[in-house]
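Subject: Structure handover

Hello,

Here is the structure I promised to pass on. My notes on helix packing and aromatic rings follow below.

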Amino acid sequence: MTTTVEITWDAASARRAERQFLAGPAGAGTPVAEVAGVMLGAHAQVLSAAELSLGMRADGVTRADVRAALWDDRSLIKTYGPRGTVHLLPARELPLFSAALTAVPRGPSPLPPGVRLTEEQAGRVVAAIGDALDGRFLTLDELSEEVVARPGPWAGDRVMPAFQDLWPRWRQVMHRAGWAGTLCFGPNRGRKATYTRPLPGSPETDPGDAPAAFVHRYLHAYGPATPRHFARWLAAPPGWATALFGELAAAGRIEEVRFEGAPAWVAAGDTDFPEGPPRGVRLLPYFDAYVIAGQPRERLFPGAARRRALGGGQAGNYPVLLVDGVVAGVWHQRRRGRRTTVTVEPLVRLTARQERQLGEQVERVGEVLEATPELVVGEVTVGPHA
């Protein structure tokens with residue numbers, strides 16, 4: 001008779017911290033792309049947040065190193081990743097991300113019939129984007145002209161509501177072009193973003209097996225987890241995720257465990273966990289992968305943290321203070337020239353040792369951002385996304 005492995009929250013959070021380079025940073029010389037890979041991408045809607053996500057996990061890494069990986073050696077790529085949001089991904093893993101993300105079923109468009117693209121039109125736009133960007137770096141306006149010139153004027157109809165404006169119809173599938181590997185960000189041209197077509201890569205995984213490989217990577221980084229956790233992280237239909245987990249379980253590729261007394265899953269054989277919780281203090285930026293993917297939320301955001309650091313149940317709205325692996329405060333940094341003021345609002349009483357660690361984390365924030373930091377312990381008065 002097989003005994004189901006029992007896993008506690010402390011054990012799970014300790015292993016997640018180890019695998020996320022939060023129990024201890026990656027050693028000097030570890031490629032930035034490798035750090036991004038173990039996270040399954042760093043959220044980069046605000047580039048400085050991605051720079052902090054990576055830099056706080058790797059000794060000696062600064063924002064200049066992240067930008068060099070993006071624009072010089074191109075080992076990182078800035079594109080649309082999980083949930084259709086902008087991420088920094090390892091360039092060599094783009095074929096895996098593309099195959100996995102394009103395999104996720106899409107629900108009905110929230111746009112009205114007169115606005116939305118048909119699937120046939122969407123495919124034509126994604127192909128047009130790739131053609132327009134092949135070997136070129138274009139601003140959004142330049143790209144729009146090129147895209148509309150290909151499938152026809154209907155692609156440029158300004159019918160898509162966005163930010164008190166109307167965008168051209170084709171822009172509703174920009175993220176899908178990113179998923180398909182036909183679009184990524186290029187270096188800014190002045191204050192304007194540019195886009196280009198990623199360099200072709202050699203897939204290390206059979207595209208047909210990409211969703212399964214993605215589940216395996218997700219469980220390695222964030223398990224134990226349920227299909228619903230995976231679906232929420234990926235913004236995928238829960239029923240599809242449940243069916244996928246069922247197929248992988250039947251094939252012996254994932255293994256059921258008991259996580260805090262309830263069924264959950266890990267990669268097959270991946271059942272070694274530390275005994276105690278992670279120890280120490282960490283500062284994580286907006287939409288850091290650890291808090292976005294960490295489940296169950298009620299354990300990661302206990303007590304006052306749930307009220308203070310979550311917005312409508314959504315993680316990532318505030319940069320967070322982690323104490324022993326759980327959210328125990330929020331913080332904010334305001335830069336002025338070469339100096340940055342880091343205001344930290346703890347929600348628990350810190351020990352003298354934790355206060356020293358907090359000071360070290362603030363110093364590290366300054367190193368990553370190439371600024372001289374000042375720590376202020378007090379209320380964070382700005383709202384989310386400030």
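Axes here are lines fitted to C-alpha atoms, for helices over the stretch in contact. Please keep in mind that this is a predicted model.

Start with two helices. Helix α9 covers residues 210-222 and helix α11 covers residues 238-250. Their axes are 11 Å apart, and the packing angle is about 90°. Angles of 65 to 115 degrees count as roughly perpendicular, so α9 and α11 are roughly perpendicular to each other.

Which residues meet? From α9 come Pro211, Ala212, Val215 and Leu219. From α11 come Trp240, Leu244, Phe245 and Leu248. By class, this contact has 8 nonpolar residues, no polar ones and no charged ones.

Next, the rings. The count is 11 aromatic pairs. One of them is Phe230 with Trp240, a stacked pair at 6.4 Å centre to centre with 25° between the planes. Phe230 sits in helix α10 (residues 227-234) and Trp240 in α11, so this pair ties together parts 10 residues apart in sequence. Phe230 is buried, at 0% relative accessibility. Trp240 is partly exposed, at 21%.

Phe230 also pairs with Phe245; the centres are 5.7 Å apart and the planes are at 50°, so this pair is tilted. Phe245 lies in α11, so here the linked parts are 15 residues apart in sequence. Both Phe230 and Phe245 are buried.

Ring pairs link a cluster: Phe97, Phe214, Tyr218, Tyr222, Phe230, Trp233, Trp240 and Phe245.

Last, two arginines over ring faces. Arg15 lies over Phe273, at 3.7 Å from the ring centre. Arg171 lies over Trp167, at 3.5 Å from the ring centre.

Best wishes

Note on methods. Residues are numbered from 1 along each chain as its sequence is written. This is a predicted model: local features need pLDDT of at least 70, side-chain atom pairs count only at pLDDT 80 or more; totals for chains, interfaces and linings use all residues. Side-chain values use heavy atoms; hydrogens and water are left out. Axes are lines fitted to C-alpha atoms, for helices over the stretch in contact, and angles run from 0 to 180 degrees between N-to-C directions. Helices (H or I, at least four residues) and strands (E, at least two) are DSSP runs, numbered from the N terminus. Angles under 35 degrees count as roughly parallel, over 145 as roughly antiparallel, 65 to 115 as roughly perpendicular and the rest as oblique. Contact means heavy atoms within 4.5 Å. Ala, Val, Leu, Ile, Met, Phe, Trp, Tyr, Cys and Pro count as nonpolar, Asp, Glu, Lys and Arg as charged, and the others, Gly among them, as polar. Rings of Phe, Tyr and Trp (its six-membered ring) pair if their centres lie within 6.5 Å; planes under 30 degrees apart count as stacked, over 60 as edge-to-face and the rest as tilted. Buried means under 20% relative accessible area, exposed over 50%, partly exposed in between (1.4 Å probe, protein chains only). A charge sits over a ring if NZ of Lys or CZ of Arg is within 6 Å of the ring centre and within 35 degrees of the ring normal.
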